[in-house]
Each structure stands twice: as structure tokens, then as C-alpha cells.
Amino acid sequence: MKLRICIRRCAAATIGVLLAAATAAAPAQPYPSKTVEFVVHVNPGGGTDVFARLIMDIINREKLISQPMIVSSRTGGAGAVAFNYIKGKRGDPHSVLTIATGSFLTATSRPDLDLGPGHFTPIAFFARDPQGVLVNADSKYKTFKDLIDDAKAQPEAIVCAVTSATGTGRQTLWRIERETGAKFKFVTFKAGSEAVLSVLGGHVPFSTENVSEAWAHIEAGKMRVLAVTTAQRMPSLPDVPTVTETGYKVQIGTGRGFGMPAGVPREAVATMEGILQKTHRSAAWKDYSQKNKYEDHWMGSAEFTRYLDEQRAVQMEFVQALGLGKK
């Protein structure tokens with residue numbers, strides 16, 4: 001009897017060892033293994049949404065991913081809805097956040113939102129989308145100085161159209177106020193394209209959203225750029241001064257990139273970074289970047305992480321000035 005029990009136990013143990021060995025030898029499931037969701041925090045048609053769809057289209061055309069991809073709009077809370085969604089996907093590399101640095105840095109700098117940088121994994125940075133001081137072609141403001149002088153003469157009377165109360169357009173307006181001493185009101189829209197249309201239609205005097213979102217109207221002669229927020233004049237707008245040239249140091253733009261939730265496998269980070277780098281090197285991206293007047297600059301995961309950490313320190317001043325960081 002004892003011998004039979006011993007044989008059974010030894011046989012069971014042997015089978016267990018063989019199964020464990022077989023499991024260990026089995027290759028890990030390749031990434032991505034299911035649908036990849038690109039999450040954006042603005043409505044369809046906004047700059048971040050258009051950027052995400054373009055990247056997804058290039059990945060498809062270049063056949064860089066064999067799995068399906070979708071763009072998911074999760075709007076609300078100046079980006080907080082989308083950021084919380086990604087936070088809740090911890091460890092899932094199939095959820096990719098499309099990052100517009102202004103809204104993302106503001107949210108991750110606010111203690112009250114519990115969306116600190118530890119909840120995210122930066123993956124890649126593609127470019128910076130410059131902001132402009134945009135007016136209707138029929139506007140009485142012919143120069144940036146005209147706008148500032150009028151605002152100083154009637155504080156908080158002139159309205160600016162922006163995407164959100166904490167996005168890059170609003171941050172640009174805040175920096176202009178800080179530098180010039182002028183005071184404005186602002187009104188928010190669900191996307192930068194909608195903010196631009198409000199100016200085009202004469203409903204709001206000006207906007208500080210991305211030049212790219214107004215470019216078609218600028219080319220058509222329906223909108224005018226009073227100043228841009230780049231360090232140097234934009235080659236496509238050689239006659240338009242930078243805000244810094246007018247005597248006020250305001251350099252800012254919407255950084256465009258991607259991230260994942262925290263806790264994703266390093267192998268998945270490396271794979272997605274490689275996919276996105278190939279996308280950034282594509283002729284389609286270079287063409288799009290030039291047409292939309294981007295300041296093109298690639299950063300991989302490690303460099304993008306350092307960049308966001310550096311920018312977050314600056315962002316805290318904006319957060320505190322607006323009283324957004326209080327719990």
C-alpha cells in the first residue's frame with residue numbers, strides 16, 4: 001500500500017514538474033494581442049483628436065500593428081475624465097493616452113485630482129503645436145499691441161475663446177496677462193476648432209489656441225495672427241512677430257505625444273515606443289507636421305518623462321495662481 005501511494009505521489013510530482021516546465025517554456029503572448037484604444041480628452045475635430053487619428057492611420061498604412069485600433073473620446077473635466085480612465089487601466093498596455101501637454105500637466109500637478117505622474121507611463125513625444133493670438137480678418141485689432149492697449153483700457157471686458165479652463169490656450173492667456181498686466185475674460189469650448197470658429201463667426205474677439213487649428217482660415221484670408229508663442233518667427237508666418245518680440249516673454253505650445261497607464265510591462269513600452277518612432281519617421285508624418293506648422297521633435301519614453309517632470313515644476317505656478325491645487 002505504501003509503495004502504491006509513493007508511486008502515485010511521485011507520478012503526480014513528475015507531472016507537475018513537466019507541466020510547470022511546459023508553461024515556462026511557452027512564449028509570452030505577443031503585444032499587442034487585442035484592440036488598441038487611443039484615448040483623447042476632446043471632442044472629434046479638436047487638435048488632439050485629429051492628431052490621434054492621423055497617427056492611427058499612419059500605423060495602419062505602414063502595417064506596424066496587426067491588431068485593430070480605435071479612437072475613444074472621453075471628454076469632460078478639462079481632461080480629467082480621460083486621465084482618470086487611463087489611471088483605472090493600470091497595467092494594461094492596450095490603453096494609450098493621447099497627450100496634449102497643457103491639460104495633462106495641469107491635471108497631474110493638482111493634488112485635489114489625485115492624478116499624479118505616478119499613474120502614467122510617458123511613451124513618446126512627437127512635436128509642439130504653437131499657439132497664436134488669433135483674430136477675425138475684419139477685427140479692429142491690427143497688432144498685438146492694439147489688443148493689449150484696449151484690454152488695459154477696459155479690464156476683463158474683452159473675451160478670449162479657449163478649449164478649456166486649464167488647457168494650453170488658457171495657460172497662454174494667463175501668461176500674457178501676467179506679462180502685460182492686461183486682464184481678460186475667457187469662454188471655453190469643447191475643442192480648439194470650435195474656439196476658432198467662434199472667432200471666425202465674430203462671436204468672440206480673439207483666441208489663443210493652436211495656429212494649426214486656424215490654418216485653413218488663415219490661408220483663406222479670413223483670420224489674422226497678431227503674434228505667435230514660438231521662440232523664433234514661424235517660417236510659414238514670416239511677417240508675424242513672436243509675443244517675445246513685442247516685449248513680453250511668452251513662449252508656450254501644445255506638446256503632442258502619447259502615454260500609457262502605470263504598471264505596464266517594460267516590453268510593451270519598448271514595443272509601442274518603437275512603433276511610434278517608426279510612425280514619426282514616416283513621410284506621412286513629416287508632411288502632416290510641416291503642413292500644420294508643428295515644431296517637430298522626437299522624444300522617446302525616458303526623455304519624454306524627464307521633459308514632463310521639468311515642465312510640471314513650471315506648471316505649478318499656473319495651478320497655484322488659479323487656486324486649482326487646493327484639496
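**Notebook: cavities and a helix pair**

I looked up the second largest cavity and found it lined by Gly-77, Ala-78, Ala-80, Ser-103, Thr-106, Ala-107, Arg-110, Leu-113 and Thr-166. I took a cavity as a set of points, on a 1 Å grid over the protein atoms alone, where a 1.4 Å probe fits but cannot get out, and lining residues as those with an atom within 4 Å of a point. The model is predicted; local features need pLDDT of at least 70, side-chain atom pairs count only at pLDDT 80 or more, and totals for chains, interfaces and linings use all residues. Residues are numbered from 1 along each chain as its sequence is written, and side-chain values use heavy atoms, without hydrogens and water.

I noted a volume of about 40 Å³ for the second largest cavity. Helix α4 (residues 101-108) gives the most to its lining, with three residues; helices are DSSP runs of H or I of at least four residues, strands runs of E of at least two, numbered from the N terminus.

I then turned to the largest cavity, with a volume of about 170 Å³. Among its 19 lining residues, Thr-48, Ala-100, Thr-163, Glu-209 and Asn-210 are the closest to its centre. I found that α2 (47-61), α6 (168-180) and β10 (253-261) each supply at least two lining residues.

Lastly, I checked helices α9 (residues 266-281) and α10 (residues 283-291), which pack at an angle of about 60° with axes 5 Å apart. Axes are lines fitted to C-alpha atoms over the stretch in contact, and angles run from 0 to 180 degrees between N-to-C directions. Thr-279, His-280 and Arg-281 of α9 meet Ala-283, Trp-285 and Lys-286 of α10, contact being heavy atoms within 4.5 Å.

Conventions: 1 Å grid on protein atoms, 1.4 Å probe; cavity = no way out; pocket = protein on both sides within 12 Å on 5 of 7 lines; lining within 4 Å. Points joined across faces, edges and corners; volume = space filled by probe spheres on them.
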